[in-house]
Amino acid sequence: MNEEIRDKELRVIDSDGTQLGIMSLDEAMNLAIEKKLDLVNIAPTAKPPVCKILDYGKYRYELQKKEKEAKKKQKITQVKEIRLSTFIEEHDLVVKANNAAKFLKEGDKVKVSLRFKGREKDYASKGQAVMAKFAETISESGVVEKKPEFEGRSLIMILAPKTDK
């Protein structure tokens, strides 16, 4: 802005948006000083660079306001975790599925993990069956984003909320 601009020729735009054409840096600076505003380089990569005559403080304030609005509108998705075991009872599975459904309705993702302790690794098929049953129970409020996979001694599955189309 102002004295920091080094280009000799600039395309100048007035504060109300009208194009004033291509002029030298001195002419543009004089115009800005005459209107008691700043000369701000908007598109430095263009040929010739585009500068606008405006109140820089007000311009920065407007940008900050827009960023704040955008931040307010975005939803931060959290990942909640639910742990299962290989030999989980039917009722316990339903209770955990209800908790997962609550998380999914709030818009969060759910990471379902099933840890194999000791020799339980021999019953990997039983673990897969438990995961499949859990996914089936939760099917009305969520979809499987990542199918059950082994990560070390754990079987991990990620569920995402269902999107209404």
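With a relative accessible area of 45%, Y123 counts as partly exposed, a class that lies between buried (under 20% relative accessible area) and exposed (over 50%), with a 1.4 Å probe and protein chains only. The model is predicted, so that local features need pLDDT of at least 70 and side-chain atom pairs count only at pLDDT 80 or more, whereas totals for chains, interfaces and linings use all residues. Residues are numbered from 1 along each chain as its sequence is written, and side-chain values use heavy atoms, with hydrogens and water left out.

**Aromatic pairs**

Rings of Phe, Tyr and Trp (for Trp, the six-membered ring) are taken as a pair if their centres lie within 6.5 Å, and the planes are called stacked when under 30 degrees apart, edge-to-face when over 60 and tilted for the rest. Three aromatic pairs are counted by this rule. One of them joins Y56 and Y59, and because the planes of these rings stand at 35°, with the centres 6.2 Å apart, the pair is tilted. Both residues belong to helix α2 (residues 56-73), where they are three residues apart, about one turn of the helix; helices (H or I, at least four residues) and strands (E, at least two) are DSSP runs numbered from the N terminus.

F87 and Y123 form an edge-to-face pair, with 5.6 Å from centre to centre and 70° between the planes. This pair links distant parts of the chain, 36 residues apart, since F87 sits in the loop between β5 (79-84) and α3 (90-105) and Y123 in the loop between β6 (109-115) and α4 (124-138).

| Residue | Relative accessibility | Class |
|---|---|---|
| Y56 | 25% | partly exposed |
| Y59 | 31% | partly exposed |
| F87 | 47% | partly exposed |

**Sheet and helices**

Four strands make up an open sheet in the order β5-β6-β8-β7, with mixed pairing, where two strands pair if DSSP finds at least two bridges between them. At the edges are β5 and β7 (142-151), each of which pairs on one side only. On average, neighbouring strands of this sheet are turned by 20° against each other, direction ignored; axes are lines fitted to C-alpha atoms, for helices over the stretch in contact, and angles run from 0 to 180 degrees between N-to-C directions.

Strands β7 and β8 (residues 154-161) run antiparallel and are joined by seven bridges, and V143 stands opposite A160 in β8.

Helix α3 lies across β5, β6, β7 and β8 and runs at about 175° to β5, while α4 also lies across β5, β6, β7 and β8, running at about 10° to β8; contact here means heavy atoms within 4.5 Å.
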